[in-house]
Protein chains: 2
Amino acid sequence: MKKADADVMRSTNRKAVLSALRRLGPLARVDIGASTLLSPAAVSGITADLLSEGMLREVTAPTSAAPSSRGRPRILLDINPDAAAFIGLRLTSDRLDVFQGDARTILQGHTVFTVKTRQLSSNGIADFIEQSVRRFIDERSVDIRNLAGIGIAVQGIVDETVGCIRWSPILSCTPVDLGGALERRFGVPVMMDNDANTLGLAHSVEPQRSRNGCLVSIMIGYGVGMGIVIDGRVYRGNRGSAAEFGHMKISGSGALCRCGARGCIEASVGDYAIYRDAREILELSPSVTLPADGATMEEIAAEGRRGNAAICNLFRHAGSVLGLGVSNIVNLLAPEAVLITGAGTASFDLMKPGFDEALMPNILPSVRDITEITVMDWSLEIDGRGTIAMAVQHWIDERSAA
Amino acid sequence: MKKADADVMRSTNRKAVLSALRRLGPLARVDIGASTLLSPAAVSGITADLLSEGMLREVTAPTSAAPSSRGRPRILLDINPDAAAFIGLRLTSDRLDVFQGDARTILQGHTVFTVKTRQLSSNGIADFIEQSVRRFIDERSVDIRNLAGIGIAVQGIVDETVGCIRWSPILSCTPVDLGGALERRFGVPVMMDNDANTLGLAHSVEPQRSRNGCLVSIMIGYGVGMGIVIDGRVYRGNRGSAAEFGHMKISGSGALCRCGARGCIEASVGDYAIYRDAREILELSPSVTLPADGATMEEIAAEGRRGNAAICNLFRHAGSVLGLGVSNIVNLLAPEAVLITGAGTASFDLMKPGFDEALMPNILPSVRDITEITVMDWSLEIDGRGTIAMAVQHWIDERSAA
DNA sequence: CCTATTTTGTTCAATCAAAGAAAAAAACCA
DNA sequence: TGGTTTTTTTCTTTGATTGAACAAAATAGG
């Protein structure tokens, strides 16, 4: 149990004000007071501080939709987008996405750099990222002095406390202290996390999502990842090793997973599993190297849609494995929502029969209907916003304490 | 994000002081300061308040083991056991355990009342509990005016926010607003929860357990329950429906579970499952009614220990299902510890081969060794302390705000 | 056109809790 | 007895919120 003193109070309330603005857009001081339950005087004081520090700015009536009532007109405040610039990075096996975002967590730009990460050394990867980001910064003329943080999403197992990648399928040599390396190179805080956690965070900061309760995001791609967000914070478990949904076993036997065990969800649902099985059915040329690229996966799905029964069955089975897995999550965690996304959902139409068959019957009756289960197309934009959100959150936490 | 004001500060620090005392036993003011990081002045002030309110008391040196150093001797403070009395209840299909506890969460007494809960109506169950508790109070001459709260553990699905049993295997008519009924009858707050949650809480307040991180307790009995405690708070999920470990599926097929689905852990590991299968092997007289009692289960286990291969296999299979389930939990939540307990662990020796076979190989290598997995004999005492702890926690929360 | 009304934002003294510093208390030691 | 050490209390200061009075800026209406 932690103590509280004046500093904690101050920082809590500053955070409350910033958080209200972050979630509810430009707000007048009265509204901030209503939302945070702070007194007008307190709001005045806090916003005055934040304004003088440059974190907030006054917004001149945005062609005020407000039905200009009488009384003194409200002055809208908003987080100052120019208060800081953020870089978000998303590293996968074949590309590096670089995002630029402002303090409002709004994306300002994006560029892709292609790279084969497995061919790089520990230093090589840091070098490549540094060069790419510097190029990005130059081209977009981001004010480097304004850079306040970097957020990175990578596949694999990450120790987010120190920014170290403990293991990753996209790197040939681990552990890599990538976070530390980039912090030294750019001189700003670097927040790193698993791609699924990042995605979960990205969704949890969406305006329509509640900041309380539990949100689970499942990401189907080459493998299968999961992010658990509880009360707005990513749940990580002991040593940041939680949320290995892909390696939940739904039977003691089954296909061999790359983790060495049998029966993992990933070994039936992940792209690599689909590809592995589809190869035998379609007699695909073995030259196509793993990891399977999007085009190949799309080709396999197309074959299924054309009516190839064996392929249909493959996807159907994947769907039922996924459904069973999700039912376990719902029984276990009863989250408010489960979002299923990632590149793999492109062929969800083929998985759906199996998924539907397995999902509801296996959710306890008493738990049914209390969790919203949504399959959504994956969007690079949401993903990018997640990386920015990580960096922004850290920045706000730090600036609130000051 | 909630605001903070002087009240929050005060209540936070009062709670910090009480929490330190609760965990670390009698403490001098200096020690409280060291533990909470509060200044001596603050500790003095807060403890003075708490003393005058009667929540704390000074403890005269308990044959002070302290090597009587020089300087002003320390005055030990402790939570005043007489500040309040608590009743803990544990309701199962055939008995009601009534516990008495003090403000230190120390058990003062215990009595069992036998009852067949399924034969009672909604009102009947409340009547029976009221009568039993009143008898208990009379016999032990508990000062009823001192009664500050009641904690109840029941099997089933509980809405702990309103104290309502939504469904329970031990009741024939649900939902039952038992919490409300008892609140009206005794005029004190009634905290109700699932038995597995209660047990999880009980373990999480044990002195050697850290108050942070995630603790999972799995309870094997007639069914299989689970309690998740994160950062000292029971995790409940949406509408309190989480932690249905017993109905996690470890395969799409398998024995039929009482929930209607197939492949539930409970349907292989729960007492009723073992009994159901053992009956066919041993040709037990079908007269023995479900739920199987402890003696019958012990008899079945004894048969296995005598070398009955079919029975051994039965337990071995149960063990492997359990092991697989636990491995899923570890992969998913990476808790600090998983405690397996409950009456069913009496035959864990027979399950162990299957359990060991299934557990470690199915835990991701990177997650192995970061979770402590313990099988412990079930103890009524710990269980009882859990019920008391629920009530005490609520009482402290309320008294801290005052 | 001018004044009353309404709503928003600010200022200032009051308050509350913790922190810091100094003093008091209660032992031990020589 | 006087000095030392450790614990606890007391007193003052600090820092934050609050409440209330006040100032500002617009509309409504005669």
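A residue is near a molecule or strand if one of its heavy atoms lies within 4 Å of it. This tour of a predicted model begins with that term; local features need pLDDT of at least 70, side-chain atom pairs count only at pLDDT 80 or more, and totals for chains, interfaces and linings use all residues. Residues are numbered from 1 along each chain as its sequence is written, chains are lettered from A and ligands numbered from 1 in the order in which they are written, and side-chain values use heavy atoms, with hydrogens and water left out.

**Stop 1: DNA strand D**

Select DNA strand D and the 28 residues around it; K3(B), S44(B), R72(B), R74(B) and I75(B) come nearest. Among the atoms of DNA strand D within 4 Å of the protein, 74% are part of sugar or phosphate, and the rest belong to bases.

Colour this surface by class, with Ala, Val, Leu, Ile, Met, Phe, Trp, Tyr, Cys and Pro as nonpolar, Asp, Glu, Lys and Arg as charged, and the others, Gly among them, as polar. The surface near DNA strand D then shows 13 nonpolar, six polar and nine charged residues.

**Stop 2: Phosphate oxygens**

Next, select S44(B), where a polar side-chain atom lies 2.4 Å from a phosphate oxygen of DNA strand D. Move to R29(B): an N or O atom of its side chain is 3.0 Å from a phosphate oxygen of DNA strand D.

**Stop 3: Helices beside the DNA**

Helices (H or I, at least four residues) and strands (E, at least two) are DSSP runs, numbered from the N terminus. Select α1 (6-24) and α3 (40-52) of chain A, then α2 (29-36) and α3 (40-52) of chain B; each supplies at least two residues of the surface near DNA strand D. Which helix gives the most to this surface? α1(A) does, with four residues.

**Stop 4: The sheet of chain A**

Two strands pair if DSSP finds at least two bridges between them. Display the open sheet of three strands in chain A, which has the order β1-β3-β2 and antiparallel pairing. Its edge strands, β1 (27-28) and β2 (56-59) of chain A, each pair on one side only. Two bridges join β1(A) to β3 (residues 76-79) of chain A. Within this antiparallel pair, L27(A) stands opposite L77(A).

Terms used
A polar contact is a pair of N or O atoms within 3.5 Å; within protein, one must be able to donate a hydrogen and the other to accept it, and residues adjacent in sequence count only if both atoms are side-chain atoms.
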